[in-house]
Amino acid sequence: MRGPVGAWGRVHLALTYAFLYLPILVLVGLSFNRSGLATTWGGFSTKWYGELRHNADIREGLRNTLIVAVGTTVLATILGTLLAVGIQRHVRNPVIEAVFVAPAVMPDIVLAVGLLLLYTLVDFTLGLTSVLLSHTLFCMAFVTAVVRTRLQHVDSSLEEAARDLGDTAVGVFVRITLPGLAPGIVAAALLSFTLSLDEFVIAFFTNGPTTPTLPQVIYSNVRFGVKPDINALASVLLLVSTVAVLTAQRFARFTDTIERQ
């Protein structure tokens with residue numbers, strides 16, 4: 001579109017992108033600032049990335065986060081995939097469908113407080129296990145939504161043909177349904193890993209004091225000012241999350257291209 005409206009649209013788009021990504025670019029730039037001060041540029045340096053290796057709190061937080069993220073990815077992907085197939089095949093009530101995906105749209109603070117009350121009610125010890133279960137519930141809703149979208153493109157006639165030929169329900173799922181869902185499952189798994197990796201609110205409410213995750217370590221360090229090594233750590237997390245999302249998108253596009261051919 002040309003004219004004043006088109007020009008204003010481009011300006012509005014540029015301002016939106018600047019508002020969203022300029023703070024991130026500033027953070028990444030400061031992670032390479034030798035002086036470590038937000039107001040003074042002391043030259044380009046990668047020393048703050050090297051400092052991350054010597055920070056015991058960060059190493060512990062990274063270990064806890066990876067344990068939770070990997071466990072969440074496995075559990076949420078398996079349970080979310082089964083839930084997606086069950087909803088798509090056997091549930092026709094939109095209210096029930098909405099209940100299953102509610103954790104994805106529910107405010108994190110509401111879900112976190114609810115889980116904390118549940119753990120307190122059943123006298124469940126808070127720690128990495130409680131965080132893992134909480135993240136699994138949270139990410140499972142996203143896995144269900146992604147896999148259901150993919151399931152709509154799976155040819156159901158192939159499943160019917162396999163059953164007519166005498167295959168069992170488990171055999172049909174393993175040989176027909178699961179390969180067709182593979183792109184969606186991989187994308188959902190990478191999304192779950194990314195969500196669990198940098199999720200803070202749920203972990204803050206459902207974790208114990210002796211097993212902080214990496215986002216909790218970052219929060220505890222920035223309450224009294226942002227340190228330069230935290231800028232480096234945030235940049236690393238940003239890189240990991242971006243790579244995971246781009247990998248999921250690339251895999252989905254690659255698989256779609258093969259199927260069209």
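Helix 3 and helix 8 pack with their axes 8 Å apart, at an angle of about 140°. The axes here are lines fitted to C-alpha atoms, for helices over the stretch in contact, and the angles run from 0 to 180 degrees between N-to-C directions. Helices are DSSP runs of H or I with at least four residues, strands are runs of E with at least two, and both are numbered from the N terminus. The crossing of helix 3 with helix 8 is right-handed. By definition, a crossing is right-handed if the near helix is turned clockwise from the far one by less than a right angle, and left-handed if anticlockwise.

Before I go on, the source of all this. This is a predicted model, in which local features need pLDDT of at least 70 and side-chain atom pairs count only at pLDDT 80 or more, while totals for chains, interfaces and linings use all residues. Residues are numbered from 1 along each chain as its sequence is written, and side-chain values use heavy atoms, with hydrogens and water left out.

Back to the two helices. Which residues meet? On the helix 3 side they include Thr65, Ala69, Thr72, Thr81 and Val85, and on the helix 8 side they include Phe173, Leu181, Ser196 and Leu197. Contact means heavy atoms within 4.5 Å. By class, this contact has 13 nonpolar residues, 7 polar and no charged ones. For these classes, Ala, Val, Leu, Ile, Met, Phe, Trp, Tyr, Cys and Pro count as nonpolar, Asp, Glu, Lys and Arg as charged, and the others, Gly among them, as polar.

Thr65, in helix 3, is buried, with a relative accessible area of 2%. Buried means under 20% relative accessible area, exposed over 50%, and partly exposed in between, with a 1.4 Å probe and protein chains only. Not counting residues up to four places away in sequence, Thr65 touches Leu197, Thr213, Leu214 and Pro215. Ser196, in helix 8, is buried as well, at 3%.

Is Ile78 buried or partly exposed? Its relative accessibility is 48%, so Ile78 counts as partly exposed. Ile78 and Leu233 are 155 residues apart in sequence and, C-alpha to C-alpha, 30 Å apart in space.

Helix 8 has another partner. Its axis and that of helix 7, residues 156–164, come within 10 Å and cross at roughly 150°. This crossing too is right-handed. Leu158, Glu159, Ala162 and Arg163 of helix 7 make the contact with Val172, Ile176 and Thr177 of helix 8. By class that gives 4 nonpolar, 1 polar and 2 charged residues.

Now the cores. A nonpolar core is a set of buried Ala, Val, Leu, Ile, Met, Phe, Trp, Tyr and Cys residues joined through side-chain atoms within 4.5 Å. The largest one has 17 residues, and Val147, Leu181 and Ile202 touch the most other members. Helices 3, 5, 6 and 8 each supply at least two residues of this core. Helix 6 gives the largest share, 5 residues. Leaving aside neighbours within four places in sequence, Leu181 is in contact with Thr81, Val85, Val147, Arg150, Leu151 and Val154. A second, separate core has 11 residues, including Trp48, Leu52, Leu214 and Leu233.

Ile202 sits in helix 9, residues 201–206. Ile202 is buried, with a relative accessible area of 0%. Beyond its neighbours within four places in sequence, Ile202 is in contact with Asp108, Leu111, Ala112, Leu115, Ser134, His135 and Phe138. In soluble globular proteins, nonpolar side chains tend to be buried together.

Asp123 lies between helix 5 and helix 6. It is not a glycine, yet Asp123 has a positive phi of about 60°. Most residues other than glycine have a negative phi. Asp123 is exposed, with a relative accessible area of 68%.

Last, the chain as a whole. How many helices and strands are there? The chain has 11 helices and 0 strands. Its C-alpha trace spans about 70 × 65 × 35 Å along the principal axes. Of the 261 residues, 36% are buried. Among contacts between residues at least 6 apart in sequence, 71% join residues at least 24 apart.
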